[in-house]
Amino acid sequence: IYDLKTKYPHIKSVIVIPYLDFSIFNEALFDNSEFPECLEGVPKRAAIPRRNQYMVQNARYAVCYVRRSYGGAANSYSYAMKKGCNMIEIPNLK
């Protein structure tokens, strides 16, 4: 998304953090960060799946990179498909 901003300067890159002390690996890649109220008090072990669910529920588009048919990314991908998000799939780059 960061690289696409040079071609499409109107898009914004926002990271939705799953818990308040989440470490953002490179803040320069994002225009903003957000911590949804619905994640307050959620235990850390449940925060990332809950964050992913929140993101799907509040998105019209989903940019997806899924390397295997199980796990969090695969679950979020399936949920986005069921919710009817417009999918932009990034090919597996093995």
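This is a predicted model: local features need pLDDT of at least 70, side-chain atom pairs count only at pLDDT 80 or more; totals for chains, interfaces and linings use all residues.
How much space lies in the largest pocket? About 1,700 Å³.

**The largest pocket**
- The lining counts 35 residues, and those closest to the pocket's centre are Ile-1, Val-14, Met-55, Ala-62 and Val-63.
- Strand E1 (14–16), helix H1 (44–57), E3 and H2 are the elements that each give two or more residues to this lining.
- H1 supplies the largest share, with five residues.
- Sorted by class, the lining holds 26 nonpolar, five polar and four charged residues.

**Strand E3 and its partner**
- In a regular strand, side chains alternate between the two faces of the sheet.
- E3 pairs with strand E4 (residues 86–89) in the parallel sense, over four bridges.
- Within this pairing, Val-63 stands opposite Ile-88 in E4.
- To get from E3 to E4, the chain passes through helix H2 (residues 72–83), giving a right-handed β-α-β crossover.

**A look at Ala-62**
- Ala-62 counts as buried because its relative accessible area is 13%, and buried means under 20%.
- Leaving aside neighbours within four places in sequence, Ala-62 is in contact with Ala-80, Cys-85, Asn-86, Met-87 and Ile-88.
- Ala-62 and Cys-85 are 23 residues apart along the chain, with 6.2 Å between their C-alpha atoms.

Key
Residues are numbered from 1 along each chain as its sequence is written. Side-chain values use heavy atoms; hydrogens and water are left out. Two strands pair if DSSP finds at least two bridges between them. A crossover is right-handed if, with the strands pointing away from the viewer, the path from the first strand over the helix to the second runs clockwise. On a 1 Å grid over the protein atoms alone, a cavity is a set of points where a 1.4 Å probe fits but cannot get out, and a pocket is an open set with protein on both sides within 12 Å along at least five of seven lines; lining residues have an atom within 4 Å of a point. Grid points are joined across faces, edges and corners, and a volume is the space filled by probe spheres set on the points. Ala, Val, Leu, Ile, Met, Phe, Trp, Tyr, Cys and Pro count as nonpolar, Asp, Glu, Lys and Arg as charged, and the others, Gly among them, as polar. Buried means under 20% relative accessible area, exposed over 50%, partly exposed in between (1.4 Å probe, protein chains only). Contact means heavy atoms within 4.5 Å.
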